[in-house]
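Please take a moment with the sequence and the model before reading on. The paragraphs below walk through a few places in the chain, one after another.

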Amino acid sequence: MQVFDRLTVAALAIIAMCAVTFAHEALGHGSACLALGGHITLLTSSLFRCDLRSGWIDPAGPAVNLLVGLIAFGVRAMLPDVFPKTRLALIFVTAFSFFWEGGYLMRAMILRDGDLYFFTQFLFGNVVPWMQAVGVAIGLGIYLLGARLTTQGLLTMFATGEARAVARTAWIAATLAAFAAALCYRGAPLWPDLRDAVLEIGLASIALLFIPRGKTRMPRMAAHIGRSYPAALAAVIVFAVFAATLGRGIGSL
């Protein structure tokens, strides 16, 4: 007997994706831009521009994402088992946050491009190979920590096979939603926005297709995620607002 409803899991994953993307682009980069006296000229689900050039804007998105992921982990750890849907949504927030920033840091240092590479360049002037290597190692550590926290969180709620199915359902739903929102972008060209949206959620979180790994085990709590129309409705509303704002793009397009 299946102990989770795929529609509800997908809805929770879509809400988590929207929250994590908002945290990175709007709350992170956007707040830093405004706090430093700048004005946001472009804000989408994967692109950000500020009329003020400052090296402190670049790390704000990743920093806020990691903070949100840690807060979600802490709240989930303290939340009673009688709130399984909320616990699952928080697991997804932590997963998307850590996978995004861990993967992004590795990519930035390897390709010498991206927020955290530019921040390192801002701090030290010249990014030498050993700095790139340290950055890749830190990114890998963040990514593996995300995988560990996600695995542990899912296995407290579901048996191994069910946990894998939940993780895969979440990945598919979040990736498709990120892609659909990016398609709403009214600027040109569309490809950079679409590419980055898929990279940040879809490719970065591809580990969800392979975890949890290991021997079959029974969960600490026998969670049942039944069909929840309120969760589905909430996901529709959140995604509609997300697509109409960050998806469509705010500012100079």
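The model is a predicted one, in which local features need pLDDT of at least 70 and side-chain atom pairs count only at pLDDT 80 or more, while totals for chains, interfaces and linings use all residues. Residues are numbered from 1 along each chain as its sequence is written, and side-chain values use heavy atoms, with hydrogens and water left out.

Helix 4 itself covers residues 115–124, and its buried residues are D115, L116, Y117, F119 and T120, where buried means under 20% relative accessible area, exposed means over 50%, and partly exposed lies in between, for a 1.4 Å probe and protein chains only. These buried residues pack against helix 1, helix 2 (60–78), helix 3 (84–111) and helix 5 (129–155), with contact taken as heavy atoms within 4.5 Å.

Two of those partners, helix 1 and helix 3, also pack against each other, at an angle of about 45° and with their axes 8 Å apart; the axes are lines fitted to C-alpha atoms, for helices over the stretch in contact, and angles run from 0 to 180 degrees between N-to-C directions. Helix 1 is therefore oblique to helix 3, given that angles under 35 degrees count as roughly parallel, over 145 as roughly antiparallel, 65 to 115 as roughly perpendicular, and the rest as oblique. On the helix 1 side the contact includes T8, V9 and L12, and on the helix 3 side it includes K85, L88 and A89. By class, this contact has twelve nonpolar, four polar and three charged residues, with Ala, Val, Leu, Ile, Met, Phe, Trp, Tyr, Cys and Pro counted as nonpolar, Asp, Glu, Lys and Arg as charged, and the others, Gly among them, as polar.

S228 lies in the loop between helix 7 and helix 8 (229–247), and with a relative accessibility of 10% it counts as buried.

Helix 7 (residues 191–203) has a packing partner in helix 6 (residues 160–183), at an angle of about 160° and with the axes 9 Å apart, and the two are therefore roughly antiparallel to each other. Among the residues making this contact are W171, A174 and F179 of helix 6 and L194, V198 and I201 of helix 7. The contact of helix 6 with helix 7 has ten nonpolar, two polar and one charged residues.

The cysteines complete the tour. C33 and C50 form a disulfide, their sulfur atoms 2.1 Å apart, a disulfide being a pair of cysteine sulfur atoms within 2.5 Å. The pair links distant parts of the chain, with C33 in helix 1 (residues 6–35) and C50 in strand 2 (residues 48–50), 17 residues apart. The torsion about the S-S bond of C33 and C50 is about 75°, so the disulfide is right-handed. C33 is buried at 0% relative accessibility, and C50 is buried too, at 18%. The sulfur of C18, by contrast, is 11 Å from the closest cysteine sulfur, in C184, which is too far for a bond. C18 is buried, with a relative accessible area of 4%, whereas C184 counts as partly exposed at 37%.

Definitions and conventions
Helices (H or I, at least four residues) and strands (E, at least two) are DSSP runs, numbered from the N terminus.
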